[in-house]
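Student: I would like to learn how to read a protein model step by step. Could you take me through this one, giving the general idea before each case?

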Amino acid sequence: MQKNYNSRSFHLFRNYITYSILVVIIGIALQYGVFSVMAVRQKMKMFDQEVDAALLSVNERHMDPVLVDLFKEKVFLETRFQMSKADSISLSINLKDSILQLELKGVVIKSTKITDFEVDQFLYQLKPATYQHLFGRQSQVKSYSSTISKVPIVVKKAPKDTTEAQALSVKIDSVKSEVVHWMLKLDKEIILKIEGSDPYFRSHWWIGQKFWLREDMNSFKNFKETIRFKVPEYYPEIRLVISESDAKAIYRALPAKPLVGIRL
């Protein structure tokens with residue numbers, strides 16, 4: 001009898017612990033969800049209250065789709081015109097036509113097809129005035145991070161004679177496959193993620209995933225903030241996928257702090 005009583009008590013205690021843990025996990029998940037929504041709303045409110053956005057007269061979120069498209073095209077052209085005044089290479093991203101371009105003085109020096117992209121819905125919910133504030137002027141890159149070096153270093157040993165020199169005169173394989181992912185943080189508090197894709201080479205897939213996991217540690221930071229009942233920082237993201245070779249060439253062609261123009 002005593003044994004049965006102890007066994008039942010143990011089961012009750014175990015169930016109590018299990019249910020308590022489940023309640024805590026659900027509570028934390030709900031808390032994280034609520035504070036994350038608050039973070040997005042705070043960011044939208046901050047953008048809407050910017051001086052130049054507040055002064056613009058077009059503030060309706062719902063406009064005729066044709067007018068919206070013309071408005072975005074006008075904003076993009078104005079941004080590219082501003083970037084054409086700079087003396088360095090700039091980056092223009094046209095998500096409507098799925099094209100990413102390097103430009104210098106308004107001249108396209110390299111263009112590549114965007115094979116896939118994802119945009120935070122936050123950016124599609126902007127008022128026209130707020131859209132103009134964010135994308136009607138050129139953005140500037142604040143910081144880089146990448147799986148490859150910005151400038152590749154090649155160490156060469158001087159040949160002893162003509163025969164050795166000829167043997168060493170082997171061209172570097174520019175199409176060698178490697179994981180090419182990079183991320184740009186813009187001064188408009190937007191994050192650009194560019195992934196190089198090679199459909200014929202998947203053996204280093206995990207290297208790319210480790211890079212993004214390392215860069216996405218901000219999500220863990222946000223989680224800790226919500227546990228402390230603080231609203232975390234929110235940065236809208238745009239993720240692009242282009243060919244691996246173009247991802248490498250464009251990344252290495254960009255100057256230290258390039259200008260960026262975006263058209264959603």
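Tutor: Let us begin with the surface, where accessible areas come from the Shrake-Rupley method with a 1.4 Å probe, and for residues only the protein chains shown count as cover. The protein chain exposes about 16800 Å², and carbon and sulfur atoms supply 60% of that area. Please keep in mind that this is a predicted model, in which local features need pLDDT of at least 70 and side-chain atom pairs count only at pLDDT 80 or more, while totals for chains, interfaces and linings use all residues. Residues are numbered from 1 along each chain as its sequence is written, and side-chain values use heavy atoms, with hydrogens and water left out.

Student: What share of the 264 residues counts as buried?

Tutor: A residue is called buried under 20% relative accessible area, exposed over 50%, and partly exposed in between, using a 1.4 Å probe and protein chains only. By that rule, 34% of the 264 residues in the protein chain are buried.

Student: How many helices and strands are there?

Tutor: Helices (H or I, at least four residues) and strands (E, at least two) are DSSP runs, numbered from the N terminus. The protein chain has 9 helices and 9 strands.

Student: In what order do the strands lie in the sheet?

Tutor: Two strands pair if DSSP finds at least two bridges between them. Here an open sheet of 9 strands, with mixed pairing, runs in the order E3-E2-E1-E9-E5-E6-E7-E8-E4. Strands E3 and E4 stand at the edges with a single partner strand each, so one side of each has no neighbour in the sheet. Neighbouring strands of the sheet are turned against each other by 25° on average, direction ignored; for such angles, axes are lines fitted to C-alpha atoms, for helices over the stretch in contact, and angles run from 0 to 180 degrees between N-to-C directions.

Student: Which strands does helix H3 touch?

Tutor: Contact means heavy atoms within 4.5 Å. Helix H3 packs on the sheet and touches E1, E2, E3 and strand E9 (259-263), its direction making about 165° with that of E9.

Student: How should I read a salt bridge?

Tutor: Side chains of opposite charge can pair when their charged atoms come close. The rule used is a side-chain nitrogen of Lys or Arg within 4 Å of a carboxyl oxygen of Asp or Glu, and the structure holds 11 salt bridges. One of them joins Glu78 and Lys74, with the closest N and O atoms 2.9 Å apart; both residues lie in helix H3 (residues 65-83), 4 residues apart, about one turn of the helix. Glu78 counts as partly exposed because its relative accessibility is 29%, and Lys74 is partly exposed at 43%.

Student: How far apart in sequence are Lys193 and Glu237, which also form a salt bridge?

Tutor: Their side chains meet at 3.2 Å, N to O, and Lys193 lies in strand E7 while Glu237 lies in strand E8, so the pair ties together parts that are 44 residues apart in sequence. Lys193 is buried, with a relative accessible area of 8%, whereas Glu237 is partly exposed at 26%. Salt bridges that share partners also join Asp69, Glu73, Lys96 and Arg263 into one network.

Student: Why is helix H5 described as largely enclosed by the rest of the structure?

Tutor: Helix H5 (residues 128-135) is described as largely enclosed because 7 of its 8 residues are buried. Those buried residues are Pro128, Ala129, Thr130, Tyr131, His133, Leu134 and Phe135.
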